[in-house]
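Good morning, and thank you for making time on the agenda. I would like to take the group through one protein chain, from its overall makeup to a few individual residues.

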Amino acid sequence: MQKLLKPFFICIVLAFGTFIATAQQPMEKKKQKNPNGAFSKFIGGFSLHASTGFGMTFFSHEIQGPGILQQKDGNVYLFDNFYVIGGDSLNTGYTGWTNNAQSSSNIPIGDEDFLLGTDTLAIKYKGAGGSIPFSVAVSYTFDRYRFGGGVTYEQSFAAKYYPNALTNDLQPFKTDFVTSSITRYYGYVGGEVFRSIRHTIAIDAMIGTFKYGKKKFNPDQIKYKLFVNIGVSFERSLSEYFKVFVRPSLEIKRYELTIPGLNYALTHSAPAMYFSIGAIIRIPDLNKCPVSQCHSQINHRHGGNVYRSKMHPFWKWQNPNYGQNYPQLIKYKGKNKKKKNPY
Ligand SMILES: [Zn+2]
């Protein structure tokens, strides 16, 4: 985990610096009165989030108790340490203890193979693997706080595990799969710590359940713990209703795999670092203007109600004072530049 922190903070500092450099407005709270009533205001608090990105997971587990048989340039097996080795074979050994433990019988022990009892020396195996997450979420904003929930589907690449000790005798091993899926369901809570007209910084956390795909990770052997992901979201509004964001985050998660037969439970720690990019759409609290001849470009009234402009696309930035559908005057555009009287 220690190794993770440094690049993570550099990442945060860089993102923060870029953000401050582009954010020109001071912190200010935008208060908008919505005369269309409490229900509209309530609806307007909801946002939809979608994101993808890149992740790196740092797997590790410690073996203390069982014996290890490392075949020279071959498989590595765990076995019951109380088993007395006589002759040149192992009665029962286990592989695949990262995801789906399997037993093998009568494993030959060659002259160059290595045997170790981990009751005296614990061995830690470590490996790192990348992943690509796809996430959708719904949140509700109240004042500067956000609550919500979401789902993430992630494609993760398998790690190669390296032993932390006796590296002349023990060898790295690969899992029996290349990629696996991870599904998560989570609750979400966050708070905005900076807000200007176009920029927001929020610190947020996701807490929930995760599961690897059943095809590669045996659900009968594995118990999953809750995961916690803490991140900082740097958001830029492209319009009143549409934002894009980047979110570096750190995650803590673990699962426990029990090897049947050996009756040994291994805790697999899988902390991760993510860099996500995404978009947030706020559900418009104002209805679109229903008057067919109306060309108003800003939020405006008809009768007692306020409507959103029908001329102005919802993803486009709208200056609250005059709209910005046509930020450049027609007479400065394209071929009009050369005309004396473009109108
Ligand atoms: Zn109108």
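Predicted model: local features only at pLDDT ≥ 70, side-chain atom pairs only at ≥ 80, totals over all residues.

Let me begin with a term: two residues are in contact if their C-beta atoms, placed from the backbone, lie within 7 Å. With that in hand, consider Thr52, which is located in strand S1, residues 46-63. Setting aside residues up to four places away in sequence, Thr52 touches Ile132, Pro133, Phe134, Ser276, Ile277 and Gly278. Ile132 is 80 residues from Thr52 in sequence, yet their C-alpha atoms are 7.0 Å apart in space.

The average pLDDT of the protein is 84, and 79% of the residues score at least 70. Residues 23-32 call for caution: pLDDT stays under 50 there, and the model has 11 contacts beyond four places in sequence for that stretch.

Now the overall makeup. The protein has two helices and 20 strands. Of its 343 residues, 27% are buried. Among contacts with a separation of 6 or more, 61% are between residues 24 or more positions apart.

Is Thr52 buried, exposed or partly exposed? Thr52 counts as partly exposed because it has 13 C-beta neighbours inside 10 Å, and a residue needs 20 or more to be buried and 12 or fewer to be exposed. Ser51, also in strand S1, has 22 other C-beta atoms within 10 Å and is therefore buried. Leaving out neighbours within four places in sequence, Ser51 is in contact with Ser135, Ser276, Ile277 and Gly278. Ser51 and Thr152 are separated by 101 residues in sequence and by 9.2 Å in space, C-alpha to C-alpha.

S1 pairs with S18 in the antiparallel sense, over 11 bridges. Within that pairing, Gly53 stands opposite Ser276 in S18. S18 is also joined by 10 bridges to strand S15, residues 242-252, again running antiparallel. There, Ser249 stands opposite Tyr274 in S18.

Which residues of S2 lie on each side? Gly67 and Leu69 are on one side, Ile68 and Gln70 are on the other, and all of them are buried, so both faces of the strand are covered.

S2 has two pairings to point out. With strand S3, residues 76-79, S2 pairs in the antiparallel sense over four bridges, and Leu69 has Tyr77 of S3 as its bridge partner. With strand S6, residues 114-117, S2 is likewise joined antiparallel by four bridges, and Gln70 stands opposite Phe114.

S2 and S3 form a hairpin, with five residues between them. Asp73 is placed in that loop and has a positive phi near 55°, although the residue is not a glycine. With 8 C-beta neighbours inside 10 Å, Asp73 counts as exposed. Asp143 is not a glycine either, and its phi is positive at about 55°. This residue is exposed, with 9 other C-beta atoms within 10 Å.

Apart from neighbours within four places in sequence, Tyr94 is in contact with Tyr77, Leu78, Phe79, Ala101, Gln102, Ser103, Ile259 and Leu262.

Thank you; I am glad to take questions.

Technical notes
Residues numbered from 1 in each chain as written. Pairing = 2+ DSSP bridges. pLDDT = per-residue confidence, 0-100.
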